[in-house]
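This report is meant to be read beside the sequence and the coordinates shown next.

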Protein chains: 4
Amino acid sequence: MIIVLKPEVKKEQITLFQASLEEKYNVKVNTWIGVESTVLGLIGDTTQVDEDWVNAQEIVESVKRVQEPYKKANRKFHPDNTVIELPTGQKIGDGNLCIMAGPCSVECEEQINYVAQRVKDAGATFLRGGAFKPRTSPYSFQGLKAEGLDLLKGARKVTGLPIVTEIMRASHIDMFESVDIIQVGARNMQNFELLKELGKTDKPILLKRGLANTIEEWLMSAEYIMAGGNNKVILCERGIRTYETATRNTLDLSAVPVIKKLSHLPVIVDPSHATGKAWLVESMAIAAVASGADGLMIEVHNDPKHALSDGAQSLTPDQFDVVAKRAFALKQAYEEIINA
Amino acid sequence: MIIVLKPEVKKEQITLFQASLEEKYNVKVNTWIGVESTVLGLIGDTTQVDEDWVNAQEIVESVKRVQEPYKKANRKFHPDNTVIELPTGQKIGDGNLCIMAGPCSVECEEQINYVAQRVKDAGATFLRGGAFKPRTSPYSFQGLKAEGLDLLKGARKVTGLPIVTEIMRASHIDMFESVDIIQVGARNMQNFELLKELGKTDKPILLKRGLANTIEEWLMSAEYIMAGGNNKVILCERGIRTYETATRNTLDLSAVPVIKKLSHLPVIVDPSHATGKAWLVESMAIAAVASGADGLMIEVHNDPKHALSDGAQSLTPDQFDVVAKRAFALKQAYEEIINA
Amino acid sequence: MIIVLKPEVKKEQITLFQASLEEKYNVKVNTWIGVESTVLGLIGDTTQVDEDWVNAQEIVESVKRVQEPYKKANRKFHPDNTVIELPTGQKIGDGNLCIMAGPCSVECEEQINYVAQRVKDAGATFLRGGAFKPRTSPYSFQGLKAEGLDLLKGARKVTGLPIVTEIMRASHIDMFESVDIIQVGARNMQNFELLKELGKTDKPILLKRGLANTIEEWLMSAEYIMAGGNNKVILCERGIRTYETATRNTLDLSAVPVIKKLSHLPVIVDPSHATGKAWLVESMAIAAVASGADGLMIEVHNDPKHALSDGAQSLTPDQFDVVAKRAFALKQAYEEIINA
Amino acid sequence: MIIVLKPEVKKEQITLFQASLEEKYNVKVNTWIGVESTVLGLIGDTTQVDEDWVNAQEIVESVKRVQEPYKKANRKFHPDNTVIELPTGQKIGDGNLCIMAGPCSVECEEQINYVAQRVKDAGATFLRGGAFKPRTSPYSFQGLKAEGLDLLKGARKVTGLPIVTEIMRASHIDMFESVDIIQVGARNMQNFELLKELGKTDKPILLKRGLANTIEEWLMSAEYIMAGGNNKVILCERGIRTYETATRNTLDLSAVPVIKKLSHLPVIVDPSHATGKAWLVESMAIAAVASGADGLMIEVHNDPKHALSDGAQSLTPDQFDVVAKRAFALKQAYEEIINA
């Protein structure tokens, strides 16, 4: 961490400040006194140094982190890719493309079993489906809740596909005991209380990026889970909020290689929520694979026009067949190209 | 709600769609068939009509809400300003300027009592202070928690100032029983589970605007609380996330008159979090009063440079004296100008 | 265009407004009077109807365009893809991948000829290079100007590659007479005076998307050029400004399929300016091809660390060899996948 | 400027880089070698150091400016407020509130003379009016052009109000010879060729902030004009583009005190374009005055509902009477409060 001091600072103030930094954060401070400004360099583990506190000091002009503020999620301290393996054998981050597919909301047994079978046949490796639904309006359908979880488990029994579903409050963790991957939605990316509790479980956590969160904040939220002892975090890019209205959100595919550089965690992409439009899902799914994503999360509904939520962005099983086939083919083709 | 259908739609499809809308949502549908496109107009209570569902219909080109999706927060159905009155007599939204002031984090008895007394002397009507702190990093100070709540209550006893403090999870509601106003932070604005539980209490709720949330989404979150039966919602603008980096966030003061037009709820402004810089607080506090805000929330710390969080944006008690005095004076002066 | 009137509007007002719309814009107006609101539907060519004017009418609640405001750039009125062919035979938008490569700034004869030859050898079909450079600071290198144009022409002579270079003011059009494709930079996307003048030429125009412009505004800028009689517009996505700071801009790849749906014009992608970092160029170039882009624009410099501008995002010729090879291979592989 | 080098850098590389910096930019370089990283500090005038170039060096990890990149616009080198005085005596930035008012577009003699007289009577000190209009659509009214300029001059003759009007291309500068203040619109804020030419004139330039430009970029554009020798730059905040759709743009009032701190140039606020809605103009005008703005720019039209452009945001002369009266009164009241 580099701290630039104000021009008019006196020598005694610098000495005092240096001492307080060393004591407070257990770091070593080097001072470089220039003609126009004085710069301090902090050596040691600066992840715990509070930028707000430093900035508040009267003699400080500005602060610049050199070291990232996350440790456990940082590739520097964990050079190899994290591969998350489920007890049932499925892997995420091992170089293969994983596809999580299914309806936005679980609606009934017939629906979820039918969709589960169809996405499995198309190559999906996980069944996704919402039981608890975060909705902007209190008057919109909020999910089947516990009943929805049971239906998902039923579909898992029938198809063998592990299930991914969203949790909305810490007190539900027990209820999610037999869920295979617990999803944290975009609106809860900085629900730190929930993250802390999930850090105490040993479940894989799918952490969606918040609508207006930076990549660094996203990794800090992963760090919350990991700081609790749970290293099984899967990141999911699902579009960020911008001024553009032609799409529901703006899919930030550059986040994929950026995450790959900064972190060892697997990262997948959700083109359905990012674009909000079924006709954009294929091209963005393919582009996501090309960008290096470890997987895709795609909404599939037996009958999108009667879906209880997010119908506009759902693919039919037939459309999903095509997308999955092309995504797997592209993954393979691109690997051959790279290894050529 | 106006629904524009695709050009090529057939008459039978329109009839079927019209019938399904009327049955599903208990609305009346008027059809206007033009040469190039057909438009449906929905009459009745359309707050429960699911735009996603409508958009997903194959024959639908686009949807436009005429009626706002919120009801209880809507000024149309509640023309008079809501005035929130505490059991101890303080009012918010009654035309007077209310100022909530205090430290970002409660640190110790001496600190909170000193700051409480100072802000009271300066005219503040509420004491704010964080006991549970949402922090981006798991390694940053997370607040004194329950002990912090006790210290706040102690300061209330000493000064008589009612207290405002942030809640971070629904399971803490019991612990917040004797808090006067419960704050929902920006990161939890769409923590719908928390909002629902707060809707079951009878506490005034201070609902901060999310970093990347529209005014409509903000009012929908108020609606979540009100739909549960709790109408005591105070909105708090605290800056939105933009590309500008000169300030921590961009304070959206136009939100104040917009909220005043759309809703009957009181709205206050937090210039400390919006700007992130103590030297910007005064001008933005004054501008907020001029924009018509019902109140201000301002961070004050006895010793900002030693604050455990957000020191850079805290005022000293002496600085706050000046800001409060000027804010009250401006409020009065502007009222005289308007009534002249 | 659908116009929703305010609830309290009187019949005479509606009749008057209807008449003035019909007279002013030569459209037919249908009126649908509902219980709660009245809706007008405009039939005919509404591209010339001024939304600002409509919105300003006292009786108007809101306006919704059904028809896009652009005509010549609209796929509805021109279903086939536009293919732009240069006198020398090169085509853009014909289904093949076109790659425009070269240095941000032309620096000297040796440099531009060397880079031109290298990118040609790697398969680039156009040489890009800046002679006039838009720089945020008046103290930064502003390009070799006329001399730079001459060097570009020299490199064209040597390699046979047509040249693409940026124009910054209308009065330079004569000087750009022998340039093959004239580029309009992001900052000039809404320099309407420049667009109008370019509309009078018969040069292909590469129109970069503005940093904060919507896709609709971008197409309206294309419409400016086309309205003048020049239909040879190539759109270039180069990232938009968001709050994210990990990349210079946020590359909006969903813009590619959106443009393909709304317009018949070719669209290419510039991953160099979008990301601002050389190590991100390959993955975003590949993702752009996968998203359906007609081409790529990539910065290549013989010696990026000594480049006079934008060195951080330039590839070396060796790096470009790899990216170009993989991009062409992916394009071919994906076509085989689609046609399988 | 602080340059952080990569951890693995060798001593010889550092020495070489240091030498090349000193030679290239005529600065002195101090090196601070830490255990984990090496930091260089540049001393001297770093405004001409090209960050892109520095960032492109292989051994560089990151760069941080300590000194602002603008000099002539910088308050550090020019502590006193700039006061711009017109030959006819009007001043901007002298502590009084200046109000520029008038129609978006000049439409006819009767209109402009009537509005000019009305705004003068209400206390406006300048007449604004558009002769050349930047419009998103090529099919919208583009202004009366030269005829509009003549009408403005006529209104000036009648009322004595100096005129402010927008220029859209450098080749028009001669035509603007007798205009009192030349406006550069938001879309041209980074039309550097236009800025350079305006820098050669001695006219006061009103520089609007671009829709997606940072305050630093805005000051750099002022620097372009000043670098040419013209120091008479007035900055105008007019809202920035965000995701919020309740207002046309988001007015960034915190920009006012930020500019006041960073620069000595006067800054005014345009609430009409920022909000896009006439009913929001008063509250934002008053808030702007309270934030410390030197002036206001407000659209006034004799008959907003028949305005040829931007009618929705124009005030009637009667409405303007009220806004101007209150703005002047608030300015005076706030000064009394501050001096109390």
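## Basis of the description

The model is predicted, and for that reason local features are given only where pLDDT is at least 70 and side-chain atom pairs only at pLDDT 80 or more, whereas totals for chains, interfaces and linings use all residues. Residues are numbered from 1 along each chain as its sequence is written, chains are lettered from A and ligands numbered from 1 in the order in which they are written, and side-chain values use heavy atoms, with hydrogens and water left out.

## The open sheet of chain C

In chain C, 4 strands form an open sheet in the order β2-β3-β1-β4, with antiparallel pairing; strands here are DSSP runs of E with at least two residues, helices are runs of H or I with at least four, both numbered from the N terminus, and two strands are said to pair if DSSP finds at least two bridges between them. The edges of this sheet are held by β2 (28-33) and β4 (60-64) of chain C, and because each has a single partner strand, one side of each is left without a neighbour in the sheet. From one strand to the next the twist averages 20°, where axes are lines fitted to C-alpha atoms (for helices, over the stretch in contact) and angles run from 0 to 180 degrees between N-to-C directions.

Within the sheet, β1 (residues 2-5) and β3 (residues 38-43) of chain C pair in the antiparallel sense over 3 bridges, and V4(C) has V39(C) in β3(C) as its bridge partner. Helix α1 (residues 11-25) of chain C packs on the sheet and touches β1, β2, β3 and β4 of chain C, its direction making about 155° with that of β2(C); contact means heavy atoms within 4.5 Å.

## The barrel of chain A

Chain A holds a closed barrel of 8 strands, running β7-β8-β9-β10-β11-β12-β13-β14 with parallel pairing, and the twist in this barrel averages 30° from one strand to the next. One of its pairs joins β10 (residues 181-184) and β11 (residues 205-208) of chain A, in the parallel sense and over 3 bridges, with Q183(A) standing opposite L206(A) in β11(A). Helix α4(A) packs on the sheet, where α4(A) touches β8 (126-128) and β9 (163-167) of chain A and makes about 170° with the direction of β9(A).

## The interface of chains B and C

The contact between these chains takes 19 residues from chain B and 19 residues from chain C. The area buried between chain B and chain C is about 1700 Å², with carbon and sulfur atoms giving 74% of it; buried area is the accessible area (1.4 Å probe) that two parts lose on being put together, summed over both.

Across this interface the rule finds 0 salt bridges, a salt bridge being a side-chain nitrogen of Lys or Arg within 4 Å of a carboxyl oxygen of Asp or Glu. The side of chain B that touches chain C draws at least two residues from each of β1 (2-5), β2 (28-33), β3 (38-43) and β4 (60-64) of chain B.

## The interface of chains B and A

Here the contact takes 50 residues from chain B and 51 residues from chain A, and the two chains bury about 4300 Å² between them, 50% of it on carbon and sulfur atoms. In chain B, the residues that lose the most area to chain A are Y139(B), E193(B) and K305(B), which together account for 16% of what that side buries.

The count between chain B and chain A is 8 salt bridges, including one in which the side chains of R135(A) and D50(B) meet at 3.3 Å, N to O. Helices α2 (51-56), α5 (192-199) and α6 (215-227) of chain B each supply at least two residues of the side that touches chain A, and the largest share, 5 residues, comes from α6(B).

## Salt bridges

Over all chains the structure holds 80 salt bridges. One of them joins D150(A) and K153(A), whose closest N and O atoms are 3.9 Å apart; being 3 residues apart in helix α4 (residues 146-159) of chain A, D150(A) and K153(A) are separated by about one helical turn.
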